[in-house]
Amino acid sequence: MINARNDRAEIFARLREANAGRQKTPHPGAIAPPKKGSFSGKSRFDQFIEAATAQYASIAEVSRFADIPASVSDWLKGQNLPRDLVVAPILSGYDWDQIKDIRPRVGAATTSDMVGVSLALSAAAETGTVMMVASEHTPTTLNFVPDVDIIAISKKDIEAGLEGCWEKLRGWKKTNPMPRAVNFITGPSRTADVEATMVLGAHGPRRLHLILVDEKSPWPKLP
Amino acid sequence: MEVSSQKFNDHVHQAVDDANLKGAMGKLTGALRPNRARAVAGLPEFDDYRDHGIAIKMHTLDHIDRYLEEFETNVVANGGHVHWCADEDSARETILGLCRQYDVKTVTKGKSMVTEELGLNAFLDQHGILPLETDLGEYIIQLRGESPSHIIAPATHLQRHDIAQTFRDAHDHLDPNRPMDTAESLTEEARQELREKYGAADAGITGANFMIAETGSTIIVTNEGNGDLTQTLAKTHIVVASMEKILPTMDDAGVMLRLLARSATGQDMSVYTTLSSGPRRPGDLDGPDSFHVVIVDNGRSTMLAGSEREMLRCLRCSACLNHCPVYASIGGHAYGWVYSGPMGKVLTPSLVGLEQTKDLPNASTFCGKCQEVCPMRIPLPKLMRNLRAKQTEQKITPLKQRVLLALWSSLASRPRFYRFVTGMMTGALARMAGPKRVFTWLPFLGDWVQSRDFVAPEGGSFFDRYRASSSPSSSKGEAHD
């Protein structure tokens, strides 16, 4: 590498010189989230479903995390989708083997996997967005490599707006390192690079299916 | 990337005669203008967010050294590495050095405008490393040997039949009679072609929409998922970012994200917003083994010290391109470098110099739409005017134009003289005009009358008529109402 350290000193000297003697603008602080990012209770939940479905995600609701294998199986059958799935380690403890017709495997996804199932840490009702963190419990590839991305989320983890998601992340950081990747996902992958025409299923998943669970999530307890 | 902005006028002539380009540009503006309008209307607080976002950016630029240092500290704490590059040579050598260090033969790339500045693909190619663009638009133009014509829709100058032909030529292992007449079939073909390439690449290179000092994270905002496949499946992830992308906190990024997607594609939130903070952690089942951030100055510190400082607020959303009547008529390639449209007219001269880019700040109708739709309210017309003034000071403006400007300035700054001369000219032009009452030719203004006629004045100058209407018989204040 050429001059890597010298460049650093040179760049910082130039930046400091450019700003020397300038009146400094104060940081404006926090701004209140917009109305849509401030809903609580049922209106927050309705906002999440409205925004997520507007972005072409499909939704299922179950009461317990243990109901997820059956819900996944029913949905895949109903949509006539492949029944081979790769499941995030954090969801591996449920009775996947008891459900007929699905063939689960636990781990990260490879290009031959058609369906991935994982768990969100948080979500923003404002835009129908779920927040994934890369961890040993939740490999990132599950959300990008398979054709179908299935994500479970506890209803208790749905925040109003992005602000709530950042707070969750700060909580995570108190006891863990910053996750390698944090992925905010809003609907299935798409492109409009051909004649500005929107096409779903660009390089990432063609389908995004969200399973909303009444129960508290199985994430290791965060402060 | 080599600059060809010197040939702007030739490019414009070619572009306005290009019916295919005209069709393609109509599809872009027809989709993105109403999309933005809908998205902005859907967030009543949009303007408050704009003002807040501007204040964050101004604060960050005032303390940019501090936040970049904090960012570096946190990237290192996350297990990553930061490299500082003053110019494009330094950046290219640094990236090549990293490729050598990890024995990289093939690279997948997410969309990155700064790597276009560096001409990185051609450089890696020369050094035996194969770069593969994975964004659909970037993939198409890479196959065609072209540069992006739009900052977020790189292949927007092309229509379906152009892309179908490109794919037919490039993917010659496929059935030549396959259906290729829809956006769906073309997208699917690229998806299948690229699918196995991500995992086979030794390194993945992405850009960054933002960097967060608080967490040492880089952010990419995408819709296709290619950027995430690129950085998750390759063994090494190299982020190339220009340094003004830095933001203090996650909450600050949240403010910018609310503005960016709405201004760009008219989405409330793009499909994928990804924070990348280092290599895979112990126990992780996927992710890159190493993580490097190459921070590029390449002219930004000069802009920070100069009169184009406000341009460093730019989020690269493309709203100014999408709403610009000039861009919509000539497309992005006419501008002759990486950036186009109103932001390009300011950024390109700021980064590569006034000399080679003299036509860019002048190619504007000053309609002001760019500033109106800019989420960072960058005063683009004002900045273009600054650049014009600099051109005149540095005698880059052609002599004829400078002489005419000097004449105009001496005329306009002497009111009596001005009235006398314009009064005379009005009369003379009125007498000289033929029965059609238009001029199809004027001295020194050959270009101006080439595509339009100059209408002959009728019945005295404005001042004559104004004086007549405010004669003693009409009340004194009326003319000011």
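Domain bounds here come from an automatic or database domain assignment.

**Figure 1. Overview of chain B and its two domains in a predicted model.** The structure shown is a predicted model. Domain 1 of chain B covers 5-301, and domain 2 covers 400-480. Their centres, taken over C-alpha atoms, lie 51 Å apart. Chain B holds 23 helices and twelve strands. Its C-alpha atoms fill a box of roughly 90 × 55 × 45 Å along the principal axes. Of the 481 residues in chain B, 49% are buried. Take the contacts in chain B between residues at least 6 apart in sequence: 74% of them join residues at least 24 apart.

**Figure 2. Overview of chain A.** Four helices and twelve strands make up the secondary structure of chain A. The C-alpha trace of chain A spans about 70 × 45 × 45 Å along its principal axes. Chain A has 223 residues, and 50% count as buried. Among contacts in chain A with a separation of 6 or more, 75% come from residues 24 or more positions apart.

**Figure 3. The open parallel sheet of chain B.** Six strands of chain B form an open sheet in the order 1-10-7-4-2-3, and the pairing is parallel. Strand 1 (81-85) and strand 3 (130-133) of chain B are the edge strands, each pairing on one side only. From one strand to the next, the twist averages 20°. Within the sheet, strand 2 (residues 106-109) and strand 4 (residues 203-206) of chain B pair in the parallel sense over three bridges. V107(B) has A203(B), in strand 4 of chain B, as its bridge partner.

**Figure 4. Strand 6 of chain B, an enclosed strand.** Strand 6 of chain B runs over residues 217-222. Six of its six residues are buried, so strand 6 is largely enclosed by the rest of the structure. In a regular strand, side chains alternate between the two faces of the sheet. From strand 6 of chain B, S217(B), I219(B) and V221(B) point one way. T218(B), I220(B) and T222(B) point the other way. Residues on both sides are buried.

**Figure 5. Strand partners of strand 6 of chain B.** Strand 5 (residues 210-212) of chain B pairs with strand 6 of chain B in the antiparallel sense, over three bridges. F210(B) has I219(B) as its bridge partner. The hairpin of strand 5 and strand 6 of chain B has four residues between the strands. In this hairpin, G216(B) takes a positive phi near 65°. Strand 6 of chain B also pairs with strand 9 (residues 272-276) of chain B, antiparallel, over five bridges. I219(B) stands opposite L275(B) in strand 9 of chain B.

**Figure 6. Strand pairing across the two chains.** Strand 9 (residues 181-185) of chain A and strand 9 of chain B run antiparallel, joined by five bridges. Y272(B), in strand 9 of chain B, is the bridge partner of I185(A). Strands of a sheet pair through backbone hydrogen bonds, either parallel or antiparallel.

**Figure 7. The contact between chain A and chain B.** Chain B gives 81 residues to the contact, and chain A gives 63 residues. On the side of chain B that touches chain A, helix 3 (residues 46-62) of chain B supplies the largest share, eight residues. The residues of this side of chain B divide into 32 nonpolar, 29 polar and 20 charged.

**Figure 8. R190(A) and its surroundings.** R190(A) sits in strand 10 (residues 190-191) of chain A. There are 24 other C-beta atoms within 10 Å of R190(A), and 20 or more make a residue buried, so R190(A) is buried. Leaving aside neighbours within four places in sequence, its contacts in chain A are M198(A), V199(A), L200(A) and A202(A). Its contacts in chain B are N223(B) and V271(B). R83(A) and R190(A) are 107 residues apart in sequence and 24 Å apart in space, C-alpha to C-alpha.

**Figure 9. The largest nonpolar core.** This core has 183 residues. I153(A) and V294(B) touch the most other members. Helix 13 (residues 250-264) of chain B gives the most to this core, with nine residues. Leaving aside neighbours within four places in sequence, V294(B) is in contact with H83(B), C85(B), A91(B), T94(B), I95(B), I238(B), V239(B) and V240(B).

Key:
Residues numbered from 1 in each chain as written. Chains lettered and ligands numbered in written order. Predicted model: local features only at pLDDT ≥ 70, side-chain atom pairs only at ≥ 80, totals over all residues. Buried ≥ 20, exposed ≤ 12 C-beta atoms within 10 Å, placed from the backbone. Contact = placed C-beta atoms within 7 Å. Pairing = 2+ DSSP bridges. Axes fitted to C-alpha atoms, helices over the stretch in contact; angles between N-to-C directions. Core = buried A, V, L, I, M, F, W, Y, C linked by C-beta atoms within 7 Å. Nonpolar A, V, L, I, M, F, W, Y, C, P; charged D, E, K, R; others polar.
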